[in-house]
Amino acid sequence: MRIGVLTSGGDCPGLNAVIRSIVHRAVVDHGDEVIGFQDGWKGLLECDYRKLDLDAVSGILALGGTILGSTRVQPTRLREGVERAKGHVAELGLDAIIPIGGEGTLKAARLLSDSGLPIVGVPKTIDNDIASTDVTFGFDTAVGVATEALDRLKTTAESHQRVLIVEVMGRHTGWIALHSGMAAGAHAIVVPERPFHVDELTKVVGARFEAGKKFAIVVVAEGARPQDGTMAFEAGGTDVYGHERFAGVARQLAVELERRLEKEARPVILGHVQRGGTPTAYDRVLATRFGWYAVEAVHRGDFGQMTALRGTDITLVPLAEAVEHLKTVPAERYAEAECVL
Ligand code: F6P
């Protein structure tokens, strides 16, 4: 068989582990040939690819980023490019394509699959917001990075009696905020699923100082926003890909809390550090298992599906089901964390 692989959307730790796993399983165990498209869907549309043999994936298991590069593609450009993509697949004699990506990539995968291309998707994202899989690889690493940062920020916040508002990634879901905040013992966690009331946040942080504590750490997900009409809030609009541009909730909250509490409040934006660097052991194993199963699915002809983790098993779910809705943090989880506002 001849299999094409691509990584698309925001990168995350573990992408290289999947690529390596696909090549090992396909080339060594099945005698397949694997090619990698450069920079995601763009590579498929422009027929920009290279051969992926064992040498090409040697030493990349623990490497962050993606050796294939990644870009975001505007949905309209992809829709217009379906016939071109199909032409390239036919020209290259590909029997299957394995796109590795998040929500946008999997929606594109569904579009191409519906147009008749043989596709098996692999979900990835630090945000952990893909429905139909318990976890995505990249999430564990991002939570680890954010937790370590929070531990470090606690010591300096205490030295200077500051309130630190730490903004973590996650787009429209609060998984990274919830898990890193719980792991680091944050004093308040703010998630997009539950618009916050600044009075309540002021009360929680203020009570800490009244109880004699000298600092506070607030973890805020980048997609969090105040309840309507409760605080001046400047939204960020949308980018060229139609994604919401986040407007710096930590920066805006720091100004508001400093004014209300008369304590120094500083924003800390963790940003892309959460996406970079070496994947944790957990993410390497999950990524490797996803790669292995994706090749098996290709050999069985199980197209239009995505690999998923359910409990401890890897399974396949239809792409249509996987992209139907985002996996948000359920309300029951707020109670467990105690400090989610
Ligand atoms: O989806 C992963 C993610 O890191 C989000 O958490 C974040 O909002 C977004 O990508 C940032 O994307 P970019 O790197 O294109 O700014």
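Biologist: How are residues counted, and what has to hold before a feature is reported?

Modeller: Residues are numbered from 1 along each chain as its sequence is written. This is a predicted model, in which local features need pLDDT of at least 70, side-chain atom pairs count only at pLDDT 80 or more, and totals for chains, interfaces and linings use all residues.

Biologist: What makes domain 1 and domain 2 the parts of this chain?

Modeller: Domain bounds come from an automatic or database domain assignment. That assignment gives domain 1 as 2-138 + 279-322 and domain 2 as 141-275. Taken over C-alpha atoms, their centres are 33 Å apart.

Biologist: How do you know which residues of domain 1 and domain 2 are in contact?

Modeller: Two residues are in contact if their C-beta atoms, placed from the backbone, lie within 7 Å. By that test, 15 residues of domain 1 meet 15 residues of domain 2. On the domain 1 side, the touching residues are 5 nonpolar, 5 polar and 5 charged. Ala, Val, Leu, Ile, Met, Phe, Trp, Tyr, Cys and Pro count as nonpolar, Asp, Glu, Lys and Arg as charged, and the others, Gly among them, as polar.

Biologist: Why are E1 and E2 called a pair?

Modeller: Strands (E, at least two residues) and helices (H or I, at least four) are DSSP runs, numbered from the N terminus. Two strands pair if DSSP finds at least two bridges between them. Strand E1 (residues 2-7) and strand E2 (residues 33-37) have 4 bridges, in the parallel sense, so they pass that test. Arg2 has Glu33 in E2 as its bridge partner.

Biologist: Which sheet holds E1 and E2, and what is its strand order?

Modeller: An open sheet of 7 strands, in the order E3-E2-E1-E4-E5-E10-E11, with mixed pairing. E3 and E11 are the edge strands, each pairing on one side only.

Biologist: What makes E10 and E11 a hairpin, and how do they run?

Modeller: Strand E10 (residues 305-310) and strand E11 (residues 313-318) run antiparallel and are joined by 6 bridges. The hairpin has 2 residues between the strands, and Gly311 in the turn has a positive phi of about 65 degrees. Ala308 is bridged to Thr315 in E11.

Biologist: What makes a residue part of the shell around the ligand?

Modeller: The residues around the ligand include Gly10, Thr125, Asp127, Arg171 and Glu222. The shell has 2 nonpolar, 4 polar and 4 charged residues. It draws at least three residues from each of domain 1 and domain 2.

Terms used:
Near = placed C-beta within 6 Å.
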